[in-house]
Amino acid sequence: IRGSVVDPSFGELATASGFPSYQAHAMFACCCATEEPDAERCDFNAEGQPLDVAQGAQGDAAAPRKGQPFEATLRRAAVSDKWGTLVEVLPGVGMYVTSVQEEGVGGVPEYNRGAPAERRIAPLDRIVGVNGLTAVSDMSKAFRESTTVVLQIRRPFIFETTVESNGQPLGLTLHHIETGSGLYVERIGPQSLVAKIGADIIAGDYITKVNGLEGRPSELLQQLKSSTAPVLTIARSEGPADAP
């Protein structure tokens, strides 16, 4: 499985390999999924606002409700210029803002400086449209190759849920890239423990912490493996990938 990563300094795109997507069947007997699409990271985000603080678009538009898309227009002089943000791009899965550059030049910091607080682009925002496109591969391409992009952004709401697994498999299909910052829930098995106990987890959720731990996906998976009652911090923007 191959992929690409944008340098944390918001510099050039660097190629990378070994970004497995995991199919995690509880207590996390995880097995590598085969023939997964390329994992990719695009230059896109960094502000570090509190998780429950909305950030986002210009003008006097009403503040978007969490889970509802708002629009943000970004511009740069040339395709080679940086947007000033990092975005996790999981083809066929979703696009998530992971960090935002606060100062300097770049489409995102320049946009944020002119936007009301509740409509600024912020970490954990989910991009559900780019220039009218909604398929992840099309959005990623448009973002890389355009000097002006109109983004549809969905702000998540953040909550915690505890899953009393008692060593049983959770029955979740999870995706991630190892340089990412969370675990994306692609599917919940109909006969899974999560489904049977009615845990507050749905397809499309983005797990950002396990037992209060933030870190690489491999660290989050390890927490899932070692816990009999994992506490999950979830960012929920509603709706599956490619369906804003």
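**Exercise 1. Is Gln223 buried, exposed or partly exposed, and what sits around it?**

Start with the surface: Gln223 is partly exposed, at a relative accessible area of 24%. The scale here calls a residue buried under 20% relative accessible area, exposed over 50% and partly exposed in between, using a 1.4 Å probe and protein chains only. Before going on, note that this is a predicted model, where local features need pLDDT of at least 70, side-chain atom pairs count only at pLDDT 80 or more, and totals for chains, interfaces and linings use all residues. Residues are numbered from 1 along each chain as its sequence is written, and side-chain values use heavy atoms, with hydrogens and water left out.

Next, find the element: Gln223 belongs to helix H4, residues 217–226. (Helices are DSSP runs of H or I with at least four residues, strands are runs of E with at least two, and both are numbered from the N terminus.)

Now look for neighbours. Leaving aside residues up to four places away in sequence, Gln223 touches Val210, Asn211 and Leu213; contact means heavy atoms within 4.5 Å. Take Asn211: it sits 12 residues from Gln223 along the chain, with 7.3 Å between the C-alpha atoms.

**Exercise 2. Which residues of H4 are buried, and where do they fall around the axis?**

First, pick them out: Pro217, Leu220, Leu221 and Leu224 are buried in H4. Then look down the axis: these buried residues fall within an arc of 100 degrees, so they line one face of the helix. The arc is taken from the directions from the helix axis to the C-beta atoms. As background, an α-helix has 3.6 residues a turn, so residues three or four places apart point the same way.

**Exercise 3. Which residues of the largest nonpolar core touch the most other members?**

Of its 22 residues, Leu74, Ile121 and Leu151 do. (A nonpolar core is a set of buried Ala, Val, Leu, Ile, Met, Phe, Trp, Tyr and Cys residues joined through side-chain atoms within 4.5 Å.) As for who contributes, H2 gives the most, with four residues. Apart from this core lies another, of 18 residues, including Leu193 and Leu221.

**Exercise 4. How many aromatic pairs are there, and which residues form a stacked one?**

Begin with the rule: rings of Phe, Tyr and Trp (its six-membered ring) pair if their centres lie within 6.5 Å; planes under 30 degrees apart count as stacked, over 60 as edge-to-face and the rest as tilted. The count comes to four aromatic pairs. Tyr96 and Tyr206 are stacked, at 4.5 Å centre to centre with 10 degrees between the planes. This pair links distant parts of the chain, with Tyr96 in strand E8 and Tyr206 in strand E14, 110 residues apart. Tyr96 is buried at 3% relative accessible area, and Tyr206 is buried at 2%. Finally, ring pairs join Tyr96, Tyr184 and Tyr206 into a cluster.
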